[in-house]
Amino acid sequence: MARYLKSKKEHIGLSPDAIHFKGEKKSDAVLLEVIDFNSENLEEYEEKSVNEVVKFNQTATTTWLNIYGLHDEKVMGDIANQFELEPLILADVMNTHARPKIQEYDNCIYISFKMLQYDDLLNHISSENIVILIKENILLLFQEKIGDVFDPVRERIRKNKKRIRGSGTDYLAFALMDIVFDNYNYIISQIGEKIESLEVDLLTNSNESILEEINKFKKEIIYLDKSIKPCREIVMELLKMDSELLADKVYVHFEDLKNNINQAIESLQSYREILSDQLQIYHTTISSKLNDIIKFLTVFSVIFIPLTFIAGVYGTNFDVLPELHYKYSYFIMLGVMLILAVSMIFYFKKKKWF
Amino acid sequence: MARYLKSKKEHIGLSPDAIHFKGEKKSDAVLLEVIDFNSENLEEYEEKSVNEVVKFNQTATTTWLNIYGLHDEKVMGDIANQFELEPLILADVMNTHARPKIQEYDNCIYISFKMLQYDDLLNHISSENIVILIKENILLLFQEKIGDVFDPVRERIRKNKKRIRGSGTDYLAFALMDIVFDNYNYIISQIGEKIESLEVDLLTNSNESILEEINKFKKEIIYLDKSIKPCREIVMELLKMDSELLADKVYVHFEDLKNNINQAIESLQSYREILSDQLQIYHTTISSKLNDIIKFLTVFSVIFIPLTFIAGVYGTNFDVLPELHYKYSYFIMLGVMLILAVSMIFYFKKKKWF
Amino acid sequence: MARYLKSKKEHIGLSPDAIHFKGEKKSDAVLLEVIDFNSENLEEYEEKSVNEVVKFNQTATTTWLNIYGLHDEKVMGDIANQFELEPLILADVMNTHARPKIQEYDNCIYISFKMLQYDDLLNHISSENIVILIKENILLLFQEKIGDVFDPVRERIRKNKKRIRGSGTDYLAFALMDIVFDNYNYIISQIGEKIESLEVDLLTNSNESILEEINKFKKEIIYLDKSIKPCREIVMELLKMDSELLADKVYVHFEDLKNNINQAIESLQSYREILSDQLQIYHTTISSKLNDIIKFLTVFSVIFIPLTFIAGVYGTNFDVLPELHYKYSYFIMLGVMLILAVSMIFYFKKKKWF
Amino acid sequence: MARYLKSKKEHIGLSPDAIHFKGEKKSDAVLLEVIDFNSENLEEYEEKSVNEVVKFNQTATTTWLNIYGLHDEKVMGDIANQFELEPLILADVMNTHARPKIQEYDNCIYISFKMLQYDDLLNHISSENIVILIKENILLLFQEKIGDVFDPVRERIRKNKKRIRGSGTDYLAFALMDIVFDNYNYIISQIGEKIESLEVDLLTNSNESILEEINKFKKEIIYLDKSIKPCREIVMELLKMDSELLADKVYVHFEDLKNNINQAIESLQSYREILSDQLQIYHTTISSKLNDIIKFLTVFSVIFIPLTFIAGVYGTNFDVLPELHYKYSYFIMLGVMLILAVSMIFYFKKKKWF
Amino acid sequence: MARYLKSKKEHIGLSPDAIHFKGEKKSDAVLLEVIDFNSENLEEYEEKSVNEVVKFNQTATTTWLNIYGLHDEKVMGDIANQFELEPLILADVMNTHARPKIQEYDNCIYISFKMLQYDDLLNHISSENIVILIKENILLLFQEKIGDVFDPVRERIRKNKKRIRGSGTDYLAFALMDIVFDNYNYIISQIGEKIESLEVDLLTNSNESILEEINKFKKEIIYLDKSIKPCREIVMELLKMDSELLADKVYVHFEDLKNNINQAIESLQSYREILSDQLQIYHTTISSKLNDIIKFLTVFSVIFIPLTFIAGVYGTNFDVLPELHYKYSYFIMLGVMLILAVSMIFYFKKKKWF
């Protein structure tokens with residue numbers, strides 16, 4: 001199926017607030033993970049039902065509600081009701097193929113982006129759609145599959161790091177986005193290292209497998225670009241947003257996000273150009289190698305052509321062919337051939353033809 | 001006829017409000033389809049005359065008037081009169097080759113765009129010009145041909161979906177545009193799948209038919225790009241428009257349109273780059289295949305050249321040619337030839353020349 | 001002379017208000033054509049002297065004064081005096097190589113652009129500089145050569161079309177620009193049709209004349225681009241201009257101009273990309289044709305090489321060469337040669353080398 | 001030395017107001033040329049000392065002070081003192097490798113740009129840094145070398161042209177910049193003509209000298225682009241500048257400068273594209289010529305290959321080779337060879353292989 | 001390791017204010033260098049402990065505190081405490097792989113950028129991260145390694161240059177950035193000179209080492225571009241910043257920075273284009289050289305082909321072959337061969353085939 005844009009016929013014309021899962025079902029059940037904390041206390045729960053978590057919406061503590069598995073349309077409907085979310089929002093949450101976006105609603109900020117994972121061996125990047133809903137005292141994070149890159153944030157909360165425990169959902173959202181963007185940079189640097197290491201192979205040992213690798217990297221770079229670029233818009237939007245849900249002091253962190261994402265985009269651009277150059281080097285190397293072979297072989301043939309001609313002349317059966325009857329003719333012919341061959345070799349060498 | 005821009009000599013210099021059909025006549029009669037609804041009631045009619053539908057302009061219910069067939073200049077004139085539209089608007093409606101655009105008038109908003117249809121077998125995209133006029137209680141939709149992508153919207157109205165039945169013409173316009181933009185994404189994903197599947201063929205089985213396909217896809221991508229890009233302007237304009245005809249709550253949906261169209265444009269860009277890369281892969285594959293053949297054949301010839309030369313030398317008719325008279329000369333010659341051939345093969349193999 | 005930028009040494013450093021003709025003199029005399037109209041009356045005159053037309057500056061009727069022939073510096077000076085134009089304006093009018101521009105002055109709006117003409121047979125686009133001066137009751141249109149694309153506007157005035165007869169010089173200016181921009185689109189569609197029809201030839205019958213045609217079209221597209229792009233700036237400027245000379249109701253028409261010119265620019269862009277693709281197809285076709293020939297010939301030679309070698313061996317004159325003396329040797333040799341040739345052909349066929 | 005950016009180690013870290021000459025010393029002494037005028041009077045002087053010219057700073061007449069030779073750091077220091085210029089300004093003046101820029105100071109406007117000179121024979125463009133300081137009653141123009149393009153302005157002043165004699169230093173600055181920009185356009189048109197005339201040679205007589213010329217032009221175009229583009233920023237800045245030193249009526253002239261410079265930039269862009277196309281045409285022509293030769297020669301060889309083989313067969317020394325003993329064998333062989341050759345020629349002709 | 005983006009797994013998800021060194025440790029100890037000055041006095045110290053330098057924070061004199069070695073997390077923590085810096089700032093300081101950025105804090109302005117060093121022999125550019133913190137009376141400059149480009153600034157302070165001694169930390173920051181940007185331009189001009197000097201080699205003596213050099217330069221240009229471009233953003237930000245820490249009179253110097261950095265970026269762009277052109281010239285030269293060889297050799301072979309054929313014919317053993325028995329046959333054959341060879345050479349020469 002098309003990796004760059006997945007769109008199914010049956011989804012066309014669905015009402016924009018139809019709570020309908022668009023994506024690949026990756027997990028079986030729905031799992032609700034709660035981390036509830038303030039500067040003093042921290043509690044963690046794992047729940048199966050929406051009713052048990054809705055109470056955290058009221059408490060003054062900061063709550064991070066992680067919802068795994070978006071395919072269960074009933075559960076999603078419950079969440080919409082209990083947390084007073086517009087159906088529109090939930091419909092967006094369930095469309096895992098959507099483009100990253102940010103939107104401000106009356107009682108929450110909706111942010112979606114892609115969490116990327118790089119399979120080092122297959123050189124393949126896979127993506128997972130992440131949605132964050134920032135509410136006053138609770139942050140909802142939606143993802144289809146269990147397994148993510150957010151463990152360091154969980155650790156920082158558990159280890160009672162001052163800043164994250166003393167801040168609200170806005171700072172938590174920053175921390176989550178920051179880790180995802182850090183991860184972009186990490187993936188780019190991993191791919192980048194591989195790309196830069198291609199260079200050595202290119203010059204010493206060009207073969208078609210290198211070509212395939214270059215093309216593989218090019219495709220992954222295009223894919224990364226497509227996943228990462230919309231995040232710049234999101235961050236720019238965040239910086240301009242004047243929402244009560246975002247404390248003043250968190251904007252300085254958003255600036256960091258901007259820098260983080262800009263660095264990723266610029267590095268992608270650099271690697272893109274490097275890949276183009278490598279492709280050109282590959283073609284040059286291959287064609288110069290072929291040229292050398294062709295030149296060598298052509299020169300080789302050319303040397304024998306006049307020699308064979310001379311032998312041909314003395315193979316004719318004319319009655320009168322005086323040279324045939326001298327005693328040393330044959331040896332003279334061989335000598336002439338030798339001189340001819342050697343002088344041609346010298347000539348071609350001098351002209352640097354091989 | 002030129003697909004990218006169709007312009008006829010006889011249309012040059014027409015008064016901008018001349019009600020004159022510019023396009024290909026695709027249907028015979030004019031057909032007026034009415035869907036009239038509010039939260040409680042729904043009625044559908046099919047009419048032939050403008051006089052019978054004009055009453056819906058006054059009623060408080062939301063009316064969707066679908067006008068098929070724009071070539072009848074008289075009927076169009078009637079519509080302009082009865083619905084109090086400026087002649088300019090109708091002239092624009094009838095120019096089916098025009099670029100998508102949006103314009104605010106005193107009593108209506110004019111939006112035109114292309115409805116695309118993708119012929120899966122021929123790999124050909126055809127387009128149909130759609131014009132939407134948003135008035136207070138009635139939405140006029142103009143198209144030349146019967147048959148469109150709007151059935152899901154009709155279904156949602158009939159099934160009494162709360163949001164669409166409870167909203168006005170602004171939301172209806174959104175729903176119609178949304179379905180057209182969804183359709184763009186669907187077409188792109190269909191073409192995209194085909195493009196991505198080319199890759200496999202490219203590496204295993206390159207031939208000229210693949211080249212033709214790549215070029216075909218390139219042309220369709222250019223065509224899509226040209227049809228879709230102006231829609232971004234339209235949506236951006238909609239988002240900035242401060243019209244009484246657009247309710248506040250509909251803007252959040254327009255944001256969705258923006259995302260939808262941005263995703264389409266970015267995917268097109270990705271496929272464009274992928275096609276360029278495929279073209280390069282094709283050329284590389286073809287030329288590397290040719291190189292292999294040429295190398296093989298050249299090496300083959302080169303091996304025989306010295307052998308033929310040796311035979312030539314012993315075919316000369318010199319009186320004195322001592323080697324001819326030894327008993328094993330012939331067999332020694334054959335042996336030398338064999339050794340020569342084998343060592344050349346080894347040499348070329350070692351140098352990886354074939 | 002350079003078509004893209006014509007600049008003469010003797011014009012450097014001229015005072016900006018020196019009334020000096022810069023361009024090619026294309027007509028002999030100066031001709032003044034007057035169309036004077038309001039909703040009720042219409043009168044047309046042809047005059048030779050400026051004094052006879054200056055009275056129309058005062059009348060309340062709308063006057064279109066068409067001035068053919070700009071090379072006569074005396075007449076131009078008279079016009080400047082009689083119509084109270086700054087010398088600067090007239091100097092600009094007489095510089096027919098200038099870039100299209102728009103400028104607001106105290107008592108008039110200056111607009112210049114290029115009227116293009118496409119010679120269908122030579123595939124050559126020529127341009128003519130047009131200057132429009134919008135004053136309150138008179139519009140001055142300057143062009144060097146008699147013969148233009150404005151006849152449809154003249155017809156609309158004569159046929160007493162309501163809108164044009166009832167409007168002022170602002171609407172007249174719009175109508176004139178509209179017809180020129182329509183003409184751009186028409187020329188592009190004509191060239192576009194030719195470009196699209198090249199495709200068929202490309203695939204069936206590639207030869208150098210196609211290459212020349214592609215390059216010819218590329219140059220014309222660059223030329224069109226250069227003439228048309230500044231018009232977008234002009235229209236954008238017009239839309240922002242807040243002049244008393246422009247009635248409110250005329251802005252909706254300027255929006256049409258914007259769409260018109262955008263369509264032209266985007267179509268040019270599409271055709272540019274199509275031409276690039278065609279060029280690539282051409283090169284691919286040519287080189288694949290050559291490759292086929294080279295492959296065929298190489299294979300052909302390669303088949304004879306071992307055969308000739310065998311004949312060479314049996315042409316040697318060794319005293320002892322046992323095969324020569326068997327009765328069927330010759331026929332066996334021919335047979336071996338045949339088998340060799342046939343198996344090589346099979347081998348090469350199987351490998352798809354020809 | 002690098003033409004595109006000249007920077008010397010010893011200049012790094014100099015205080016920004018160190019009055020230190022950075023550039024190539026092109027003249028020996030410092031020369032001060034004064035043109036002092038108002039509508040009635042005109043006086044011209046040539047001075048060697050700063051003290052003698054400083055009086056013109058006070059007079060109500062407009063003074064154009066032309067300073068040749070910037071390398072004398074003492075004289076420059078005097079100028080700074082006498083004309084009450086910040087040291088920073090003089091430091092900038094003496095850096096002749098700086099990028100064109102504009103800056104407003106308390107008592108003057110600083111404008112620098114490049115005066116270009118085109119050596120027609122060598123196809124080489126050289127540049128000279130020009131700095132204009134606009135003060136209330138005096139305009140200082142700094143240049144290192146004697147010899148410039150400003151003579152037409154001097155002439156206009158001497159001939160008592162109304163506009164320039166009646167205006168202040170702002171109009172004088174415009175006149176000077178206008179002449180420099182006119183000169184840009186003139187140089188571009190000169191190069192453009194040469195580029196366009198290459199076309200004819202390209203199609204009839206492609207050789208390597210054309211290639212060198214194309215590459216030479218490309219480099220000059222890049223150089224022009226780099227010198228001219230910053231001038232657009234300068235003009236845009238001028239148009240926005242709200243300085244007391246600039247009279248209202250001079251802005252209309254600045255608009256002309258904008259048009260002038262835009263035309264230059266767009267023409268450069270056009271010629272850049274034309275050069276790219278020419279390069280491609282060159283390569284196509286060369287390679288198609290080579291292909292023709294290769295095809296001809298290959299076909300030629302291929303015709304002889306079977307003929308030589310036949311001769312080889314009848315050169316074998318088999319005891320039993322019946323054909324040798326028929327009376328007409330030789331002639332039959334020659335006949336067969338002829339038929340073979342002719343039919344191959346026909347076949348290849350038909351296939352359009354040569 | 002990837003040069004364009006270095007990112008380590010263990011740094012992902014670190015709290016943004018974790019004081020943790022990200023980079024390569026280049027020096028052993030931490031060194032604190034103090035230059036304390038005002039118009040009258042100047043004192044320099046070298047300290048090892050933070051406590052001894054913190055007093056300069058209070059004094060009215062301007063202090064430049066240069067901190068070498070950022071890897072010591074304890075020392076960095078002390079600095080944060082003593083100078084009342086947010087932990088966030090120090091965390092940023094210690095991330096030496098970060099993208100250049102600027103940020104305004106309550107009591108300081110944070111600016112980071114790359115100091116580049118060019119190894120002339122290896123053609124390799126290395127970079128060192130520099131952070132400047134502008135506070136009211138003290139400027140902190142952080143760098144990991146001892147050895148920098150700032151000596152000229154130190155000299156200007158010591159030599160009691162009026163402007164730098166009489167200004168505050170804002171001007172000092174300008175002076176430091178100015179020297180770094182000057183250095184960019186110097187490096188570009190050094191590389192540029194080398195690039196321009198390649199041209200000569202290209203035309204006379206193309207070989208693969210030139211190709212490697214071109215590719216090497218391309219990579220360095222990409223690297224420079226990536227390091228320098230963000231500095232433009234920094235300067236633009238500085239110019240817009242309305243901070244109490246920046247005196248009005250320092251903005252004119254920031255304008256100079258803008259010009260400086262723009263010049264660098266534009267020069268890079270020019271060299272990029274020149275390298276692309278050189279690459280193309282290289283390929284053209286190489287392939288035209290190959291073509292000449294191939295043509296020569298092909299022509300050479302072709303001349304011998306008919307000659308060898310003739311000899312073959314007279315080497316046949318037909319009983320009846322009349323020409324063999326004429327007395328002068330052999331000489332006639334040689335003559336015919338000579339004539340044939342000479343006329344073919346003439347023909348090919350005339351057709352300019354070699």
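How many Å separate the centres of domain 1 of chain A and domain 2 of chain A, taken over C-alpha atoms? The separation is 77 Å. Domain 1 of chain A spans 9-284, and domain 2 spans 295-350. These bounds come from an automatic or database domain assignment.

The model is predicted: local features need pLDDT of at least 70, side-chain atom pairs count only at pLDDT 80 or more, and totals for chains, interfaces and linings use all residues. Residues are numbered from 1 along each chain as its sequence is written, while chains are lettered from A and ligands numbered from 1 in the order in which they are written.

**Symmetry**

Chain E superposes on chain A through a rotation of 72 degrees, with 0.0 Å of shift along the axis and an RMSD of 0.1 Å. That is the relation of a five-fold axis. The C-alpha of Gly315(E) is the one in chain E nearest the axis, at 4.6 Å. The superposition is by least squares on the C-alpha atoms of residues with pLDDT of at least 70 in both copies. The copies use different surfaces: 11% of the contact residues of chain E recur in chain A.

**The E–A interface**

Here 44 residues of chain E are in contact with 54 residues of chain A. Contact requires C-beta atoms, placed from the backbone, within 7 Å. On the side of chain E that touches chain A, strand S4 (101-104), helix H6 (208-240), helix H7 (251-314) and helix H8 (329-350) each supply at least two residues. H7(E) gives the largest share, twelve residues. By type, that side of chain E has 21 nonpolar, twelve polar and eleven charged residues. Ala, Val, Leu, Ile, Met, Phe, Trp, Tyr, Cys and Pro count as nonpolar, Asp, Glu, Lys and Arg as charged, and the others, Gly among them, as polar.

**Cores**

The largest nonpolar core has 402 residues. Such a core is a set of buried Ala, Val, Leu, Ile, Met, Phe, Trp, Tyr and Cys residues joined through C-beta atoms within 7 Å. Among the members that touch the most others are Leu139(A), Leu176(B) and Leu176(D). Leu176(D) touches Ile132(D), Leu141(D), Phe150(D) and Val153(D), leaving aside residues up to four places away in sequence. A second, separate core of 60 residues includes Phe304(A), Tyr330(A), Tyr314(B) and Met333(B).

**Strands of chain D**

Strand S3 (residues 62-68) of chain D has five of its seven residues buried, so it is largely enclosed by the rest of the structure. A residue is buried if 20 or more other C-beta atoms lie within 10 Å of its own, exposed if 12 or fewer, and partly exposed in between, with C-beta atoms placed from the backbone. Strands (E, at least two residues) and helices (H or I, at least four) are DSSP runs, numbered from the N terminus. Strands pair if DSSP finds at least two bridges between them.

| Strand pair | Sense | Bridges | Partners |
|---|---|---|---|
| S1(D), S3(D) | antiparallel | seven | Glu33(D), Asn66(D) |
| S4(D), S5(D) | antiparallel | four | Ile102(D), Ile111(D) |

S4(D) and S5(D) form a hairpin with four residues between them.

**A covered helix in chain E**

Helix H2 (residues 87-94) of chain E is mostly covered, with seven of its eight residues buried. Among the buried ones are Leu88(E), Asp92(E) and Met94(E). The cover includes helix H8 (251-313) of chain A, as well as helix H1 (73-82) and strands S5 (109-119), S6 (124-134) and S7 (138-143) of chain E.

Methods:
Contact = placed C-beta atoms within 7 Å.
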